[in-house]
Amino acid sequence: SNATNSTTLCRLLRLSIMAFVVDQLPALLSSSRGASNANKSAAVTGAVRQPVPATWRDITPGFIERALQAGGVMPVDTAVSSVQATPTEISGLLSTTVRVAVSYVGADVATLPATVIVKLQSEDKASRQVAIDADNYQMERRVYEALARDFVVGMAKSFQIATDPSGNVVFVMEDLSLREGLYAVDQWRLGGCSVNEADCVARALGKLHAQFWSDSRPLPDWLPATCEIEARSPATLAVQCGERFRTSSYFEALADPAREAVEDVLSRAVGVEEALRSGGPVTLLHHDARADNLFWGAAHVPGGVVFLDWQMAGQGIGPLDLAWFLSSSFLEPGAESRIADSTHLLEVYWHSLIEGGVDGARYSIEAARRDFLLGFLWSFLVIIQVVKFGEPNMVLIKFASRVTHAMVEMGAQHIPLARLV
């Protein structure tokens, strides 16, 4: 036993010496950094003691080791010997996400995660500043630190959230691809999610919204209302982006009836915003619940759905989340089943709300339906900001087309701009 302990201590001592040496490498190797940045993956050996990484290339064994220790999964007689970071297939506009393969030395290493996910600030300077100005990074941190442990819906485990004075926030999280039974859906596959997958999301959103329904519990004052978030405010976005959208490739790609509806809805954006601000029950909103931010197949959570990417979290009208999901991630323009499927899924959502404790007499299915249709108008007015994202590409054109045609095919442009509660 003493020999074993001695061997373990020697291992950890060697790693500490390596840490001291590797800490000096950035200054020594700064002239060659440009070449290393061109590599598709970043590998570092040695337990490095280093500040919060500014980019995924700066992720070190020491940083991952401290994160796993903070998350309670790293035994004291174990160390991280090396890491290799590779960008994931999906990367958001405001963040960079990498999968980090981890190697260990010590006891019981077979029980430790082979990979973790690290989410960092965007490497694009303009996108990063937009996110910092909008408080997106800090918002996601608050959600995980203050709310996530109590969520009824599925969440990825956060091992550690590291910050620095510059506003950088780095998440070290569970790699959901290692969890048995979980799977993701490509948002851009033909037809998007299946009806069954959409049903799961409707159930999950109902339970999440019921948990935070404003009639039953106060919402944290740090959660902004929908219209207080610039990237979710219909009136603000209509002013910023409406004219550019009218003259864009996105507009040209729409069918003629959709173009007519666009003109009408853009002219009524202030009315949509007034309806969203008009009072009535509100709840916690994800504000970006689409397929790329979800996993399916989790055990013991509503619908088996896991929610990711809480940078846009806020408070507002519950069915907005459902309308955004269905318009962005479900069905293609012209789908004959649009109204029947969407009506069914709204009913699934409403029944899930009621099962979660919302009073169906105070929030009727009719009230939910009006809010749902307002959500399709809101979703369109949110998607027009694609004109801010540089040159159009096929993915963004498909995104804008799906959302716009969903609004038109649901007839949302014809509803009165008022809630029923």
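The dialogue below concerns a predicted model and takes up helix packing, salt bridges and nonpolar cores.

Visitor: What makes helix α11 largely enclosed by the rest of the structure?

Guide: Helix α11 spans residues 269-276, and six of its eight residues are buried, so the rest of the structure largely encloses this helix. The buried residues are Ala269, Gly271, Val272, Glu273, Ala275 and Leu276. Their cover includes α8 (234-246), α10 (256-267), α12 (319-329) and α14 (365-383).

Visitor: Why is α8 called roughly antiparallel to α11?

Guide: The axes of the two helices, α8 and α11, cross at roughly 160° and come within 7 Å. Angles over 145 degrees count as roughly antiparallel, and α8 is therefore described in that way relative to α11.

Visitor: Which residues meet where α8 and α11 are in contact, and what is the make-up of this contact by class?

Guide: From α8 come Pro234, Ala235, Thr236 and Ala238, which meet Ala269, Val270, Val272, Glu273 and Leu276 of α11. By class, the contact has seven nonpolar residues, one polar and one charged.

Visitor: How do you know that Glu140 and Lys119 form a salt bridge?

Guide: The N to O distance between their side chains is 2.8 Å, and the criterion is a separation within 4 Å. Glu140 belongs to helix α6 (residues 136-147) and Lys119 to strand β4 (residues 115-121), so described by their DSSP runs; the pair, 21 residues apart, links distant parts of the chain.

Visitor: Are Glu140 and Lys119 buried or exposed?

Guide: Buried means under 20% relative accessible area. Glu140, at 1%, therefore counts as buried, and Lys119, at 9%, is buried as well.

Visitor: What does the salt bridge between Asp309 and Lys119 tie together?

Guide: The side chains of Asp309 and Lys119 meet at 3.2 Å, N to O. Asp309 lies in the loop between β10 (306-307) and β11 (314-316), while Lys119 is in strand β4, so the pair ties together parts that are 190 residues apart in sequence.

Visitor: How many salt bridges does the whole structure contain, and which residues are linked in a network?

Guide: The search finds 25 salt bridges. Arg232, Asp288, Arg290 and Asp292 are linked in a network of them.

Visitor: Which residues have the most contacts inside the largest nonpolar core?

Guide: They are Phe151, Phe245, Trp310, Phe376 and Phe380, in a core of 111 residues. The largest share of this core, 13 residues, comes from α14. A second, separate core has 23 residues, including Trp56, Ala67, Val102 and Val170.

Visitor: With which residues is Trp310 in contact, leaving aside its neighbours within four places in sequence?

Guide: The contacts of Trp310 are Met139, Glu140, Val143, Tyr144, Phe151, Met155, Leu208, Leu284 and His286.

Visitor: Why is Thr97 called buried?

Guide: The relative accessible area of Thr97 is 17%, and the limit for a buried residue is under 20%. Thr97 is found in strand β3 (residues 95-106).

How values were computed. Residues are numbered from 1 along each chain as its sequence is written. This is a predicted model: local features need pLDDT of at least 70, side-chain atom pairs count only at pLDDT 80 or more; totals for chains, interfaces and linings use all residues. Side-chain values use heavy atoms; hydrogens and water are left out. Buried means under 20% relative accessible area, exposed over 50%, partly exposed in between (1.4 Å probe, protein chains only). Helices (H or I, at least four residues) and strands (E, at least two) are DSSP runs, numbered from the N terminus. Contact means heavy atoms within 4.5 Å. Axes are lines fitted to C-alpha atoms, for helices over the stretch in contact, and angles run from 0 to 180 degrees between N-to-C directions. Angles under 35 degrees count as roughly parallel, over 145 as roughly antiparallel, 65 to 115 as roughly perpendicular and the rest as oblique. Ala, Val, Leu, Ile, Met, Phe, Trp, Tyr, Cys and Pro count as nonpolar, Asp, Glu, Lys and Arg as charged, and the others, Gly among them, as polar. A nonpolar core is a set of buried Ala, Val, Leu, Ile, Met, Phe, Trp, Tyr and Cys residues joined through side-chain atoms within 4.5 Å.
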